[in-house]
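Dear colleague,

Please find below the structure for your review.

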Amino acid sequence: MNQKKYAILILAAGNSSRLGRPKQLVKFGDGNLLSHTIDVVSSIPNADVHIILGAFSKEILDEINTCYPIQINPNWKKGMGNTIAFGVNQVKDSKYDAVILSVCDQPYLEPIHFEQLIQSYENASQKNIIVSKYESGNGPPSLFCAQYLDQLCSLEGDHGAKSIVKKNLEKVGFIDFKRGDVDVDKKEDLLLF
């Protein structure tokens, strides 16, 4: 049986308007939030990592040392949907079985979350979208099988991929990410980790 091939998109294009400084570069562990996310995904087998930047790209490029391809979305101001569409457009012709969307501001992100997304997708023939379920709500990292790439490429504005999830609920599976709803949006969030 052929092994499936995945693209992991780290979406790190936002301007952190509520935080007032680049959340991508918030100190975390021995590095920053973006380098933490890169470290987490670097151990996932059969996955190519792509980093999507936008705001603060010069400052981030000065701080980040990675061998993974980096694309800069020139229209990052149009919101998360635009950045997802931009990122997926970069990889959609590369014959991936699925794309995993991740963000750069989840301090409790671990490799197990990506491993479970992939395992759930490969084991559940009826489920071809796998979403992380938090204690409160759900969201990224999320996996979308290749049949959804055109829909992802048509996203726009500040709405992420939730519209695609809602339209296809019978095809959606979930993994648990207990602290996935802890992310960095405001200064108070920095006190949570």
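In which helix do D62 and K58 both lie, and how many residues apart are they? The two residues belong to helix α2 (residues 57–63) and are four residues apart, about one turn of the helix; helices here are DSSP runs of H or I with at least four residues, and strands are runs of E with at least two, numbered from the N terminus.

This is a predicted model, in which local features need pLDDT of at least 70 and side-chain atom pairs count only at pLDDT 80 or more, while totals for chains, interfaces and linings use all residues. Residues are numbered from 1 along each chain as its sequence is written, and side-chain values use heavy atoms, with hydrogens and water left out.

The structure holds four salt bridges (a side-chain nitrogen of Lys or Arg within 4 Å of a carboxyl oxygen of Asp or Glu). One of them joins D62 to K58, with the closest N and O atoms 3.3 Å apart. D62 and K58 are both exposed (over 50% relative accessible area; buried is under 20% and partly exposed in between, with a 1.4 Å probe and protein chains only).

Another salt bridge pairs D105 with K23, at 3.0 Å between the closest N and O atoms. D105 lies in the loop between β6 and α4 (111–123) and K23 in the loop between β1 and β2 (27–28), so the pair ties together parts that are 82 residues apart in sequence. D105 counts as buried at 6% relative accessibility, and K23 is buried at 14%.

Yours sincerely
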